[in-house]
Amino acid sequence: MKKYIAHFSIILLVMLGSCTNDFEKINVNPVAPVDVQPELLFRKVLFDYADQMSYEGFVAGNLLGQLFTAIDFNLFDRHSLTEAQYGGNPWAFLYENLRDNEILLAKSRSNPAYAVYEGPALIYKAYLTGVLTDLYGDVPYSQSLKGKEGNVAPVYDAQRDIYLGKDGIIENLTKAVSVISAYKGAQALQGDIIFGGNLSSWRKLANSLKFKYLMRVSAQENVAAELVKIYAGGDFIKLPSENAVYQFTASQPNNFRMATARVGDFNLFIMSETVEEILTKLNDPRRQVFFRPTANNANVYKGLLNGPDASKLSISVGNYSFAGRIFREDAGKLKANFLTSFEVNFLLAEAAEKGLITANAKQLYETGVTQAFEYWGATLPDTYLKTAPAAYKLNGANPVEQIITQKWLANIINGYEGWVEYRRTGFPKLKNISASLNQNLIPVRLPYPTTEDALNNANFIAAASKTNNNSVNSPVWWDK
(Lines give C-alpha, C1' and ligand atoms only; values in the text may rest on other atoms or scores of the structure.)
Protein backbone atom coordinates (compact mmCIF):
# COMPACT_ATOMS: atom_id res chain seq x y z
CA MET A 1 0.00 0.00 0.00
CA LYS A 2 2.82 2.38 0.90
CA LYS A 3 4.40 1.60 -2.48
CA TYR A 4 1.23 2.65 -4.32
CA ILE A 5 0.95 5.81 -2.23
CA ALA A 6 4.55 6.70 -3.03
CA HIS A 7 3.98 6.11 -6.74
CA PHE A 8 0.81 8.23 -6.63
CA SER A 9 2.66 11.04 -4.85
CA ILE A 10 5.38 11.06 -7.50
CA ILE A 11 2.80 11.16 -10.31
CA LEU A 12 0.90 13.99 -8.57
CA LEU A 13 4.08 16.02 -8.13
CA VAL A 14 4.93 15.55 -11.79
CA MET A 15 1.43 16.64 -12.77
CA LEU A 16 1.57 19.67 -10.49
CA GLY A 17 4.99 20.56 -11.84
CA SER A 18 3.69 20.31 -15.40
CA CYS A 19 0.67 22.46 -14.57
CA THR A 20 2.91 25.08 -13.01
CA ASN A 21 5.36 25.09 -15.90
CA ASP A 22 2.66 25.35 -18.58
CA PHE A 23 0.09 27.32 -16.55
CA GLU A 24 0.08 30.38 -18.84
CA LYS A 25 -0.18 28.27 -22.01
CA ILE A 26 -3.00 26.12 -20.65
CA ASN A 27 -5.00 29.13 -19.43
CA VAL A 28 -4.76 31.16 -22.64
CA ASN A 29 -7.77 30.86 -24.92
CA PRO A 30 -6.22 29.98 -28.31
CA VAL A 31 -9.09 31.54 -30.26
CA ALA A 32 -9.47 34.76 -28.22
CA PRO A 33 -8.03 37.89 -29.90
CA VAL A 34 -4.98 39.44 -28.25
CA ASP A 35 -4.81 42.33 -30.70
CA VAL A 36 -7.04 44.06 -33.22
CA GLN A 37 -6.40 45.24 -36.75
CA PRO A 38 -6.48 49.04 -37.06
CA GLU A 39 -9.24 49.05 -39.66
CA LEU A 40 -11.55 47.18 -37.27
CA LEU A 41 -10.70 49.53 -34.41
CA PHE A 42 -11.23 52.56 -36.63
CA ARG A 43 -14.64 51.32 -37.78
CA LYS A 44 -15.60 50.57 -34.19
CA VAL A 45 -14.83 54.03 -32.77
CA LEU A 46 -16.54 55.82 -35.65
CA PHE A 47 -19.73 53.78 -35.52
CA ASP A 48 -19.95 53.55 -31.74
CA TYR A 49 -19.90 57.32 -31.36
CA ALA A 50 -22.35 57.79 -34.25
CA ASP A 51 -24.73 55.26 -32.69
CA GLN A 52 -24.48 56.39 -29.09
CA MET A 53 -24.41 60.16 -29.57
CA SER A 54 -27.32 60.13 -32.02
CA TYR A 55 -29.35 58.26 -29.39
CA GLU A 56 -28.10 60.52 -26.58
CA GLY A 57 -28.94 63.58 -28.60
CA PHE A 58 -32.47 62.39 -29.23
CA VAL A 59 -33.31 61.48 -25.63
CA ALA A 60 -31.26 64.07 -23.71
CA GLY A 61 -29.46 66.68 -25.82
CA ASN A 62 -32.64 67.79 -27.55
CA LEU A 63 -34.35 68.22 -24.19
CA LEU A 64 -31.64 70.63 -23.06
CA GLY A 65 -31.75 72.38 -26.43
CA GLN A 66 -35.57 72.51 -26.24
CA LEU A 67 -36.17 70.80 -29.58
CA PHE A 68 -38.06 67.98 -27.85
CA THR A 69 -40.06 67.72 -24.66
CA ALA A 70 -40.45 64.50 -22.66
CA ILE A 71 -44.03 63.63 -21.70
CA ASP A 72 -43.09 61.08 -19.01
CA PHE A 73 -42.39 63.90 -16.50
CA ASN A 74 -38.68 63.34 -17.08
CA LEU A 75 -36.53 64.73 -14.26
CA PHE A 76 -33.71 65.46 -16.71
CA ASP A 77 -36.13 67.58 -18.75
CA ARG A 78 -36.87 69.45 -15.52
CA HIS A 79 -33.12 70.14 -15.29
CA SER A 80 -32.21 67.76 -12.50
CA LEU A 81 -29.25 66.61 -14.60
CA THR A 82 -27.89 64.19 -12.01
CA GLU A 83 -31.06 62.14 -12.55
CA ALA A 84 -30.53 61.12 -16.15
CA GLN A 85 -33.21 58.70 -17.32
CA TYR A 86 -32.87 57.56 -20.94
CA GLY A 87 -29.63 59.41 -21.56
CA GLY A 88 -27.79 62.40 -20.18
CA ASN A 89 -24.46 60.84 -19.20
CA PRO A 90 -22.23 60.52 -22.29
CA TRP A 91 -19.05 60.56 -20.16
CA ALA A 92 -18.49 56.78 -20.23
CA PHE A 93 -18.78 56.17 -23.97
CA LEU A 94 -16.81 59.30 -24.84
CA TYR A 95 -13.88 58.09 -22.75
CA GLU A 96 -14.25 54.55 -24.08
CA ASN A 97 -13.94 55.82 -27.64
CA LEU A 98 -11.09 58.13 -26.71
CA ARG A 99 -9.29 55.12 -25.20
CA ASP A 100 -9.78 52.96 -28.29
CA ASN A 101 -8.79 55.82 -30.58
CA GLU A 102 -5.62 56.29 -28.52
CA ILE A 103 -4.76 52.63 -29.16
CA LEU A 104 -5.26 53.28 -32.88
CA LEU A 105 -3.04 56.37 -32.70
CA ALA A 106 -0.29 54.40 -30.93
CA LYS A 107 -0.46 51.68 -33.59
CA SER A 108 -0.15 54.27 -36.35
CA ARG A 109 3.03 55.61 -34.79
CA SER A 110 4.68 52.32 -33.87
CA ASN A 111 4.17 50.41 -37.12
CA PRO A 112 4.98 52.07 -40.49
CA ALA A 113 2.36 49.85 -42.16
CA TYR A 114 -0.33 51.63 -40.15
CA ALA A 115 0.95 55.21 -40.61
CA VAL A 116 -2.07 56.10 -42.76
CA TYR A 117 -4.24 56.08 -39.63
CA GLU A 118 -2.28 58.75 -37.74
CA GLY A 119 -3.93 61.82 -39.30
CA PRO A 120 -7.53 60.58 -38.97
CA ALA A 121 -6.85 59.34 -35.42
CA LEU A 122 -5.52 62.78 -34.43
CA ILE A 123 -8.60 64.43 -35.94
CA TYR A 124 -10.92 62.04 -34.15
CA LYS A 125 -9.10 62.58 -30.86
CA ALA A 126 -9.62 66.33 -31.23
CA TYR A 127 -13.27 65.82 -32.16
CA LEU A 128 -14.13 63.54 -29.24
CA THR A 129 -12.19 65.77 -26.85
CA GLY A 130 -14.08 68.82 -28.06
CA VAL A 131 -17.43 67.15 -27.48
CA LEU A 132 -16.35 66.03 -24.00
CA THR A 133 -14.95 69.33 -22.72
CA ASP A 134 -17.77 71.40 -24.23
CA LEU A 135 -20.29 69.36 -22.25
CA TYR A 136 -18.44 69.17 -18.92
CA GLY A 137 -15.74 71.88 -18.86
CA ASP A 138 -12.49 70.83 -17.16
CA VAL A 139 -12.00 67.07 -17.61
CA PRO A 140 -9.22 64.48 -17.25
CA TYR A 141 -7.11 64.77 -20.38
CA SER A 142 -3.29 64.88 -20.21
CA GLN A 143 -3.16 62.05 -17.63
CA SER A 144 -6.23 60.16 -18.83
CA LEU A 145 -6.12 56.86 -20.74
CA LYS A 146 -2.99 55.80 -18.87
CA GLY A 147 -4.43 52.97 -16.81
CA LYS A 148 -1.92 50.45 -18.16
CA GLU A 149 0.84 52.73 -16.92
CA GLY A 150 -0.66 52.68 -13.45
CA ASN A 151 -2.38 56.09 -13.47
CA VAL A 152 -6.00 55.38 -12.59
CA ALA A 153 -6.64 58.76 -10.93
CA PRO A 154 -5.96 61.44 -13.58
CA VAL A 155 -6.08 65.14 -12.79
CA TYR A 156 -8.64 67.39 -14.45
CA ASP A 157 -7.09 69.70 -17.05
CA ALA A 158 -8.28 73.28 -17.49
CA GLN A 159 -10.49 73.67 -20.53
CA ARG A 160 -8.27 76.38 -22.00
CA ASP A 161 -5.30 74.00 -21.91
CA ILE A 162 -7.39 71.23 -23.48
CA TYR A 163 -8.20 73.58 -26.34
CA LEU A 164 -5.00 75.53 -26.79
CA GLY A 165 -2.25 73.70 -24.89
CA LYS A 166 0.26 71.04 -25.88
CA ASP A 167 -1.45 68.04 -27.51
CA GLY A 168 -4.68 70.01 -27.28
CA ILE A 169 -7.57 70.19 -29.71
CA ILE A 170 -6.15 72.92 -31.97
CA GLU A 171 -2.62 71.50 -31.99
CA ASN A 172 -3.82 68.00 -32.85
CA LEU A 173 -5.89 69.30 -35.75
CA THR A 174 -2.89 71.26 -37.04
CA LYS A 175 -0.69 68.17 -36.74
CA ALA A 176 -3.27 66.06 -38.52
CA VAL A 177 -3.30 68.35 -41.56
CA SER A 178 0.50 68.15 -41.77
CA VAL A 179 0.56 64.37 -41.29
CA ILE A 180 -2.05 63.75 -43.98
CA SER A 181 -0.40 66.16 -46.42
CA ALA A 182 2.97 64.44 -45.91
CA TYR A 183 1.71 60.87 -46.19
CA LYS A 184 3.25 59.09 -49.20
CA GLY A 185 2.59 55.47 -48.27
CA ALA A 186 0.77 52.94 -50.40
CA GLN A 187 -1.43 51.61 -47.59
CA ALA A 188 -5.09 52.63 -47.99
CA LEU A 189 -7.17 53.91 -45.10
CA GLN A 190 -9.57 51.08 -44.31
CA GLY A 191 -12.51 50.87 -41.90
CA ASP A 192 -13.49 54.44 -42.76
CA ILE A 193 -17.30 54.52 -42.66
CA ILE A 194 -17.41 58.31 -43.07
CA PHE A 195 -15.27 59.12 -46.11
CA GLY A 196 -14.51 55.70 -47.58
CA GLY A 197 -10.77 56.11 -47.03
CA ASN A 198 -10.40 59.53 -48.72
CA LEU A 199 -7.57 61.31 -46.89
CA SER A 200 -8.29 64.63 -48.60
CA SER A 201 -11.76 64.55 -47.05
CA TRP A 202 -10.24 63.96 -43.63
CA ARG A 203 -7.95 66.94 -44.13
CA LYS A 204 -10.95 69.11 -45.02
CA LEU A 205 -12.66 67.89 -41.87
CA ALA A 206 -9.60 68.82 -39.81
CA ASN A 207 -9.58 72.40 -41.12
CA SER A 208 -13.36 72.69 -40.71
CA LEU A 209 -13.21 71.46 -37.12
CA LYS A 210 -10.34 73.83 -36.40
CA PHE A 211 -12.47 76.73 -37.65
CA LYS A 212 -15.38 75.52 -35.54
CA TYR A 213 -13.37 75.19 -32.34
CA LEU A 214 -11.62 78.51 -32.86
CA MET A 215 -15.04 80.12 -33.18
CA ARG A 216 -16.11 78.40 -29.99
CA VAL A 217 -13.35 80.13 -28.02
CA SER A 218 -13.45 83.40 -29.97
CA ALA A 219 -15.07 85.34 -27.11
CA GLN A 220 -12.07 84.54 -24.92
CA GLU A 221 -9.15 84.45 -27.37
CA ASN A 222 -8.01 86.51 -30.34
CA VAL A 223 -8.31 83.90 -33.08
CA ALA A 224 -9.00 86.12 -36.10
CA ALA A 225 -5.62 85.53 -37.78
CA GLU A 226 -6.03 81.75 -37.65
CA LEU A 227 -9.60 81.97 -38.94
CA VAL A 228 -8.47 84.14 -41.85
CA LYS A 229 -5.72 81.65 -42.70
CA ILE A 230 -8.12 78.69 -42.79
CA TYR A 231 -10.67 80.60 -44.87
CA ALA A 232 -8.04 81.84 -47.32
CA GLY A 233 -6.70 78.29 -47.72
CA GLY A 234 -10.10 77.07 -48.87
CA ASP A 235 -9.40 73.48 -47.84
CA PHE A 236 -12.51 72.89 -45.77
CA ILE A 237 -15.98 71.38 -46.12
CA LYS A 238 -18.12 73.49 -48.47
CA LEU A 239 -20.47 71.11 -50.27
CA PRO A 240 -22.99 68.50 -49.09
CA SER A 241 -20.97 65.84 -50.91
CA GLU A 242 -18.13 66.56 -48.46
CA ASN A 243 -20.21 66.09 -45.29
CA ALA A 244 -18.76 64.06 -42.43
CA VAL A 245 -21.77 61.83 -41.80
CA TYR A 246 -22.64 58.17 -41.33
CA GLN A 247 -25.68 56.85 -43.18
CA PHE A 248 -27.78 54.63 -40.93
CA THR A 249 -29.34 51.53 -42.43
CA ALA A 250 -33.07 50.86 -42.43
CA SER A 251 -32.72 47.73 -40.31
CA GLN A 252 -30.50 46.37 -37.56
CA PRO A 253 -27.68 46.26 -36.63
CA ASN A 254 -26.56 49.59 -38.14
CA ASN A 255 -29.80 51.50 -37.75
CA PHE A 256 -30.71 54.57 -35.73
CA ARG A 257 -31.40 53.13 -32.30
CA MET A 258 -34.70 54.90 -31.67
CA ALA A 259 -36.12 53.47 -34.91
CA THR A 260 -36.39 50.05 -33.26
CA ALA A 261 -37.09 51.19 -29.71
CA ARG A 262 -40.44 50.28 -28.20
CA VAL A 263 -43.08 52.56 -29.63
CA GLY A 264 -43.98 53.66 -26.10
CA ASP A 265 -40.41 54.83 -25.51
CA PHE A 266 -40.21 56.58 -28.89
CA ASN A 267 -43.47 58.42 -28.29
CA LEU A 268 -42.26 59.90 -25.03
CA PHE A 269 -40.40 62.56 -27.03
CA ILE A 270 -42.61 65.21 -28.63
CA MET A 271 -42.33 68.67 -30.11
CA SER A 272 -41.31 71.37 -27.65
CA GLU A 273 -43.18 74.64 -27.39
CA THR A 274 -39.91 76.45 -28.16
CA VAL A 275 -39.38 74.77 -31.53
CA GLU A 276 -43.09 74.96 -32.37
CA GLU A 277 -43.07 78.74 -32.03
CA ILE A 278 -39.87 79.16 -34.04
CA LEU A 279 -40.96 76.85 -36.88
CA THR A 280 -44.37 78.53 -36.99
CA LYS A 281 -42.88 82.01 -37.06
CA LEU A 282 -40.59 80.97 -39.92
CA ASN A 283 -43.44 79.14 -41.70
CA ASP A 284 -40.82 76.42 -42.04
CA PRO A 285 -41.79 73.26 -43.97
CA ARG A 286 -39.19 71.22 -42.06
CA ARG A 287 -41.83 71.06 -39.35
CA GLN A 288 -43.36 68.19 -41.34
CA VAL A 289 -40.02 66.36 -41.40
CA PHE A 290 -39.07 66.76 -37.76
CA PHE A 291 -42.56 66.16 -36.31
CA ARG A 292 -46.01 64.70 -37.00
CA PRO A 293 -49.32 66.52 -36.84
CA THR A 294 -51.35 65.86 -33.73
CA ALA A 295 -53.50 62.74 -33.61
CA ASN A 296 -56.56 64.86 -32.82
CA ASN A 297 -56.08 67.29 -35.73
CA ALA A 298 -54.02 66.41 -38.81
CA ASN A 299 -53.65 70.09 -39.69
CA VAL A 300 -52.09 71.09 -36.38
CA TYR A 301 -48.54 70.85 -35.05
CA LYS A 302 -48.42 71.44 -31.32
CA GLY A 303 -45.57 71.56 -28.82
CA LEU A 304 -45.44 71.33 -25.03
CA LEU A 305 -43.39 73.52 -22.72
CA ASN A 306 -40.35 71.62 -21.47
CA GLY A 307 -40.21 70.24 -17.94
CA PRO A 308 -43.83 69.39 -17.10
CA ASP A 309 -44.65 68.29 -13.54
CA ALA A 310 -46.81 65.19 -13.18
CA SER A 311 -48.51 66.54 -10.05
CA LYS A 312 -49.64 69.75 -11.76
CA LEU A 313 -50.35 68.81 -15.36
CA SER A 314 -52.46 66.23 -17.14
CA ILE A 315 -51.32 65.58 -20.72
CA SER A 316 -53.53 64.27 -23.50
CA VAL A 317 -50.92 63.01 -25.98
CA GLY A 318 -53.36 63.30 -28.88
CA ASN A 319 -53.02 67.07 -28.61
CA TYR A 320 -49.26 67.12 -29.25
CA SER A 321 -46.88 66.31 -32.09
CA PHE A 322 -44.72 63.20 -31.84
CA ALA A 323 -41.24 63.02 -33.42
CA GLY A 324 -41.31 62.65 -37.20
CA ARG A 325 -41.13 59.61 -39.45
CA ILE A 326 -37.49 60.42 -40.28
CA PHE A 327 -36.58 59.16 -36.79
CA ARG A 328 -38.69 56.01 -37.02
CA GLU A 329 -40.33 54.57 -40.16
CA ASP A 330 -38.02 56.44 -42.56
CA ALA A 331 -34.88 56.27 -40.40
CA GLY A 332 -32.98 54.56 -43.22
CA LYS A 333 -32.66 58.10 -44.67
CA LEU A 334 -31.18 59.42 -41.43
CA LYS A 335 -27.50 60.27 -41.04
CA ALA A 336 -25.37 60.58 -37.92
CA ASN A 337 -23.88 64.04 -38.19
CA PHE A 338 -20.22 64.70 -37.30
CA LEU A 339 -19.89 67.95 -39.29
CA THR A 340 -21.72 69.21 -42.37
CA SER A 341 -21.35 71.87 -45.03
CA PHE A 342 -24.38 73.74 -43.70
CA GLU A 343 -22.79 74.03 -40.26
CA VAL A 344 -19.47 75.18 -41.73
CA ASN A 345 -21.24 77.83 -43.83
CA PHE A 346 -23.11 79.06 -40.76
CA LEU A 347 -19.79 79.30 -38.89
CA LEU A 348 -18.27 81.24 -41.79
CA ALA A 349 -21.30 83.54 -41.88
CA GLU A 350 -21.00 84.26 -38.17
CA ALA A 351 -17.26 84.94 -38.47
CA ALA A 352 -17.89 87.29 -41.40
CA GLU A 353 -20.70 89.09 -39.58
CA LYS A 354 -18.43 89.63 -36.57
CA GLY A 355 -15.58 90.90 -38.74
CA LEU A 356 -13.29 87.97 -37.97
CA ILE A 357 -12.94 87.13 -41.68
CA THR A 358 -13.67 89.15 -44.81
CA ALA A 359 -16.51 87.42 -46.63
CA ASN A 360 -20.14 87.90 -47.67
CA ALA A 361 -22.03 86.93 -44.51
CA LYS A 362 -25.45 87.08 -46.21
CA GLN A 363 -24.38 84.77 -49.02
CA LEU A 364 -22.81 82.27 -46.60
CA TYR A 365 -25.95 82.32 -44.44
CA GLU A 366 -28.21 81.68 -47.42
CA THR A 367 -25.94 78.87 -48.62
CA GLY A 368 -26.13 77.32 -45.15
CA VAL A 369 -29.94 77.50 -45.09
CA THR A 370 -30.22 76.04 -48.60
CA GLN A 371 -27.90 73.15 -47.72
CA ALA A 372 -29.73 72.52 -44.44
CA PHE A 373 -33.04 72.13 -46.27
CA GLU A 374 -31.38 69.78 -48.75
CA TYR A 375 -29.87 67.75 -45.89
CA TRP A 376 -33.33 67.07 -44.48
CA GLY A 377 -34.96 66.43 -47.83
CA ALA A 378 -37.21 69.49 -47.54
CA THR A 379 -38.11 71.93 -50.31
CA LEU A 380 -36.93 75.49 -49.65
CA PRO A 381 -39.82 77.87 -50.46
CA ASP A 382 -38.92 80.59 -52.97
CA THR A 383 -39.94 83.29 -50.50
CA TYR A 384 -38.23 81.82 -47.42
CA LEU A 385 -34.98 83.80 -47.67
CA LYS A 386 -36.68 86.92 -49.04
CA THR A 387 -39.21 87.58 -46.30
CA ALA A 388 -39.05 88.03 -42.53
CA PRO A 389 -38.01 86.48 -40.28
CA ALA A 390 -35.57 84.31 -42.29
CA ALA A 391 -34.42 87.05 -44.70
CA TYR A 392 -30.97 88.19 -43.61
CA LYS A 393 -31.10 91.39 -41.50
CA LEU A 394 -34.52 92.29 -42.90
CA ASN A 395 -36.55 94.59 -40.64
CA GLY A 396 -33.65 94.92 -38.23
CA ALA A 397 -33.30 91.19 -37.54
CA ASN A 398 -30.28 90.17 -35.48
CA PRO A 399 -28.06 88.31 -37.99
CA VAL A 400 -26.21 86.24 -35.39
CA GLU A 401 -29.54 85.12 -33.93
CA GLN A 402 -30.71 84.18 -37.43
CA ILE A 403 -27.55 82.17 -38.12
CA ILE A 404 -27.54 80.29 -34.82
CA THR A 405 -31.29 79.59 -34.94
CA GLN A 406 -30.96 78.01 -38.38
CA LYS A 407 -28.00 75.95 -37.19
CA TRP A 408 -29.97 74.87 -34.11
CA LEU A 409 -32.88 73.67 -36.22
CA ALA A 410 -30.78 71.78 -38.76
CA ASN A 411 -28.66 70.08 -36.09
CA ILE A 412 -31.60 68.28 -34.48
CA ILE A 413 -29.78 64.95 -35.01
CA ASN A 414 -26.46 66.26 -33.73
CA GLY A 415 -26.96 65.62 -30.05
CA TYR A 416 -26.12 68.42 -27.70
CA GLU A 417 -24.91 70.84 -30.37
CA GLY A 418 -27.90 73.18 -30.21
CA TRP A 419 -27.57 73.49 -26.42
CA VAL A 420 -23.82 74.11 -26.67
CA GLU A 421 -24.31 76.87 -29.22
CA TYR A 422 -27.09 78.40 -27.10
CA ARG A 423 -24.63 78.55 -24.20
CA ARG A 424 -22.02 80.23 -26.42
CA THR A 425 -24.29 82.78 -28.11
CA GLY A 426 -27.54 83.02 -26.16
CA PHE A 427 -29.51 81.94 -29.26
CA PRO A 428 -32.12 80.85 -29.93
CA LYS A 429 -33.88 82.31 -26.94
CA LEU A 430 -34.86 79.28 -24.88
CA LYS A 431 -37.78 79.34 -22.46
CA ASN A 432 -38.04 79.04 -18.71
CA ILE A 433 -39.34 75.51 -18.33
CA SER A 434 -42.62 74.45 -16.78
CA ALA A 435 -41.48 73.01 -13.43
CA SER A 436 -37.78 73.63 -12.98
CA LEU A 437 -35.74 71.67 -10.46
CA ASN A 438 -32.86 74.09 -11.07
CA GLN A 439 -34.15 77.40 -9.71
CA ASN A 440 -35.58 78.38 -13.11
CA LEU A 441 -32.09 78.49 -14.57
CA ILE A 442 -31.12 76.81 -17.85
CA PRO A 443 -28.10 74.57 -17.17
CA VAL A 444 -24.80 75.55 -18.77
CA ARG A 445 -22.84 72.33 -18.30
CA LEU A 446 -23.36 68.65 -17.55
CA PRO A 447 -22.41 67.53 -14.03
CA TYR A 448 -19.50 65.16 -13.54
CA PRO A 449 -20.86 61.63 -13.04
CA THR A 450 -21.01 60.10 -9.56
CA THR A 451 -18.55 57.41 -10.68
CA GLU A 452 -15.84 60.07 -10.63
CA ASP A 453 -16.59 60.83 -6.98
CA ALA A 454 -16.19 57.13 -6.20
CA LEU A 455 -13.22 56.24 -8.40
CA ASN A 456 -11.22 59.48 -8.70
CA ASN A 457 -12.27 61.21 -5.52
CA ALA A 458 -9.42 63.64 -4.82
CA ASN A 459 -9.32 64.99 -8.36
CA PHE A 460 -13.11 65.02 -8.57
CA ILE A 461 -13.29 67.15 -5.40
CA ALA A 462 -10.72 69.59 -6.80
CA ALA A 463 -12.66 69.93 -10.07
CA ALA A 464 -16.01 70.18 -8.29
CA SER A 465 -14.69 73.00 -6.12
CA LYS A 466 -14.03 75.04 -9.28
CA THR A 467 -17.60 74.56 -10.45
CA ASN A 468 -19.45 75.55 -7.29
CA ASN A 469 -19.67 71.95 -6.07
CA ASN A 470 -20.23 70.44 -9.52
CA SER A 471 -23.05 72.86 -10.29
CA VAL A 472 -24.76 72.72 -13.68
CA ASN A 473 -24.99 76.52 -13.47
CA SER A 474 -21.22 77.09 -13.45
CA PRO A 475 -20.21 78.11 -17.00
CA VAL A 476 -17.27 76.52 -18.79
CA TRP A 477 -14.21 78.61 -19.65
CA TRP A 478 -15.23 79.71 -23.14
CA ASP A 479 -18.65 80.75 -21.79
CA LYS A 480 -17.38 83.10 -19.08
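Helices (H or I, at least four residues) and strands (E, at least two) are taken as DSSP runs and numbered from the N terminus. The structure is a predicted model, in which local features need pLDDT of at least 70 and side-chain atom pairs count only at pLDDT 80 or more, whereas totals for chains, interfaces and linings use all residues. Residues are numbered from 1 along each chain as its sequence is written, and side-chain values use heavy atoms, with hydrogens and water left out.

Grid points are joined across faces, edges and corners, and a volume is the space filled by probe spheres set on the points. In the lining counts, Ala, Val, Leu, Ile, Met, Phe, Trp, Tyr, Cys and Pro are classed as nonpolar, Asp, Glu, Lys and Arg as charged, and the others, Gly among them, as polar.

The search of the whole structure returns 4 cavities of 30 Å³ or more, and the largest cavity has a volume of about 150 Å³. Its lining consists of 16 residues, of which Tyr49, Val131, Asn414, Tyr416 and Glu417 lie nearest the centre. Two or more lining residues are given by each of α3 (38-64), α5 (118-136), α8 (199-216) and α16 (417-425), and the largest share, 5 residues, comes from α5. By class, this lining divides into 9 nonpolar, 3 polar and 4 charged residues.

The second largest cavity holds about 60 Å³ of space and is lined by Tyr49, Ala50, Met53, Ser54, Ala336, Asn337, Phe338, Ile413, Asn414 and Gly415. The lining of the second largest cavity comprises 6 nonpolar, 4 polar and no charged residues.

When residues up to four places away in sequence are not counted, Phe327 is in contact (heavy atoms within 4.5 Å) with Phe58, Phe68, Phe256, Met258, Ala259, Phe266, Phe290, Leu334, Trp376, Ile412 and Ile413.

Among the open spaces, the largest pocket has a volume of about 970 Å³, and of its 29 lining residues, Arg99, Ser144, Leu145, Lys146 and Gly147 are the closest to its centre. Both α4 (91-110) and α17 (450-455) give two or more residues to this lining, to which α4 gives the most, with 9 residues. The lining of the largest pocket contains 13 nonpolar, 7 polar and 9 charged residues.

The second largest pocket holds about 460 Å³ of space, and of the 19 residues that line it, Ile278, Lys281, Pro389, Glu401 and Thr405 are the closest to its centre. At least two lining residues come from each of α11 (273-282) and α15 (399-410), and α11 accounts for the largest share, 5 residues.

Terms used: On a 1 Å grid over the protein atoms alone, a cavity is a set of points where a 1.4 Å probe fits but cannot get out, and a pocket is an open set with protein on both sides within 12 Å along at least five of seven lines; lining residues have an atom within 4 Å of a point.
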